[in-house]
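Subject: Structure handover and notes

Dear colleague,

Here is the structure I promised to pass on to you.

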Amino acid sequence: MRSTSSEAISYSQYGPPSDVLQLGKVPIPKNLSPNNIYVDILAAPINPSDINQVEGKYPIRPPLPAVGGNEGVGVIREVGGQVKGFARGDWVVPLIAGQGTWRRSAHFPANSWHRVPNGLPLATAACLGVNPVTAFLMLTKFVDLRPGDVVIQNGGNSGVGQAVIQIARAKGWKTVSVVRGRPRLHDLMTNLKGLGADVVTTEETLKDDLASAQLPRPRLALNCVGGSCSAAIAKTLEKGGTMVTYGGMSMKPVTVPTSLFIFKDLISRGFWLSADDILTGQKAAALDQVVELIEGNQFRFEGELVQFNDFQKALQAGKAGKQVLLFDE
Ligand code: NDP
């Protein structure tokens with residue numbers, strides 16, 4: 001029998017996630033529209049942009065009350081009469097944000113979802129649509145990198161950062177990853193090197209580590225931090241190099257010395273996965289390319305799986321590793 005409601009983590013006003021998010025039930029329409037699919041969500045991560053959305057600080061604002069979550073992986077339970085290319089039992093991931101993936105089941109427009117191979121590791125599949133695709137597109141869209149070229153990034157241990165390292169390694173590009181200092185920094189460096197990182201360093205040691213690595217100057221810099229750390233990576237670029245800003249984790253403006261624009265012709269760009277040009281063509285193709293890397297054992301992702309009714313614990317600031325809510329009890 002069809003369910004008429006689903007458990008969901010929702011919010012009816014913007015604010016701090018731990019205050020405004022609540023576990024409850026949301027209705028599921030009785031009839032499936034011809035262009036929709038009925039999806040049971042298996043797992044869905046908590047990304048920084050999900051938090052910003054609940055806080056009301058993100059450009060995509062679903063009408064309230066809204067179910068949280070923008071990505072995840074689900075299995076199709078039923079297919080609408082007009083839907084082509086999907087079948088019951090297929091695993092799917094969302095192509096567009098704002099659909100509310102922190103719930104057990106829902107009807108979604110079929111053209112907003114993309115099929116992925118069944119049986120991928122659950123955390124990897126749940127986190128496929130945002131971070132790896134962002135990494136893939138930033139590495140391929142702005143600079144025509146040649147084998148042996150160097151890419152520098154900050155936030156090197158973030159989900160995107162780890163994807164950048166692995167995709168670059170698969171393509172023959174070298175990476176320099178800047179991370180923040182911490183008590184067991186050596187362990188983090190070892191982990192990232194295990195993924196294929198060439199240089200892992202901190203803002204303070206970047207200059208010396210780059211000199212001793214004897215790599216060519218980077219052609220591309222990927223910035224998700226801002227503040228002094230954006231200046232630090234931009235300064236390492238070759239003449240005419242490109243810095244792409246895609247996040248602002250330090251909450252500080254991007255600062256770049258004027259001289260880099262004048263004397264080194266620095267190119268400064270921005271990237272947003274939900275931009276129209278990305279959604280209308282590039283995202284689905286990038287997803288397929290990342291799946292190929294996973295199937296070729298060139299890409300993996302380890303999130304921390306948490307039962308969805310423990311979402312408050314998963315939301316706690318300072319959690320190490322990506323928290324992935326599990327709905328497949
Ligand atoms: P994760 O949650 O996996 O990691 C967060 C990263 O941010 C960690 O490296 C963390 O470092 C770092 N960080 C947190 N606070 C600070 C701070 N105050 N100063 C410097 N670094 C900090 O993140 P994601 O990989 O999911 O996302 C990374 C960024 O990319 C976010 O800003 C996100 O919004 C953005 N993003 C943008 C997209 C786009 O389309 N533009 C798409 C996907 C992501 P530490 O371990 O030291 O705390």
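Leu-222 stands opposite Val-244, a residue of strand 13, where strands are DSSP runs (E, at least two residues) and helices are likewise DSSP runs (H or I, at least four residues), numbered from the N terminus. Strand 12 (residues 220-223) and strand 13 (residues 242-245) run parallel and are joined by 4 bridges; two strands are said to pair if DSSP finds at least two bridges between them. Please keep in mind that this is a predicted model, in which local features need pLDDT of at least 70 and side-chain atom pairs count only at pLDDT 80 or more, while totals for chains, interfaces and linings use all residues. Residues are numbered from 1 along each chain as its sequence is written, and side-chain values use heavy atoms, with hydrogens and water left out.

Both strands belong to an open sheet of 6 strands in the order 11-10-9-12-13-14, with parallel pairing. Strand 11 (199-202) and strand 14 (267-270) stand at the edges with a single partner strand each, so one side of each has no neighbour in the sheet. On average, neighbouring strands here are turned by 20 degrees against each other, direction ignored.

Helix 4 packs on this sheet and touches strand 9 (150-154), strand 12 and strand 13, its direction making about 150 degrees with that of strand 12; contact means heavy atoms within 4.5 Å, and axes are lines fitted to C-alpha atoms, for helices over the stretch in contact, with angles running from 0 to 180 degrees between N-to-C directions. Helix 5 lies across strand 9, strand 10 (174-179) and strand 12, and runs at about 165 degrees to strand 10.

The axes of helix 5 and helix 6 (residues 185-195) come within 8 Å and cross at roughly 35 degrees. Helix 5 contributes Gln-162, Ile-165, Gln-166 and Arg-169 to this contact, and helix 6 contributes Leu-192, Gly-194 and Leu-195.

Next comes the ligand. It is surrounded by 23 residues, the closest being Asn-157, Gly-159, Arg-180, Leu-273 and Lys-322, where a residue is near a molecule if one of its heavy atoms lies within 4 Å of it. Helix 4 (131-141) and helix 5 (159-171) each supply at least two residues of this shell. By class, the shell has 10 nonpolar, 10 polar and 3 charged residues; Ala, Val, Leu, Ile, Met, Phe, Trp, Tyr, Cys and Pro count as nonpolar, Asp, Glu, Lys and Arg as charged, and the others, Gly among them, as polar.

A polar side-chain atom of Arg-180 lies 2.8 Å from an oxygen atom of the ligand, and one of Arg-182 lies 2.9 Å from an oxygen atom of the ligand. A polar backbone atom of Met-249 is 3.5 Å from a nitrogen atom of the ligand.

There is also an open sheet of 3 strands, with the order 2-1-4 and antiparallel pairing. Its edge strands are strand 2 (22-27) and strand 4, each of which pairs on one side only. Strand 1 (residues 5-11) pairs with strand 4 over 2 bridges in the antiparallel sense, and Tyr-11 stands opposite Ala-66 in strand 4.

Two backbone details remain. The peptide bond from Leu-64 to Pro-65 is cis, with omega near -5 degrees, and Pro-65 lies in the loop between helix 2 (48-55) and strand 4 (66-67). Gln-214 is not a glycine, yet has a positive phi of about 55 degrees, and this residue sits in the loop between helix 7 (206-213) and strand 12.

Conventions. Polar contact = N/O pair within 3.5 Å; in protein donor to acceptor, adjacent residues only side chain to side chain.
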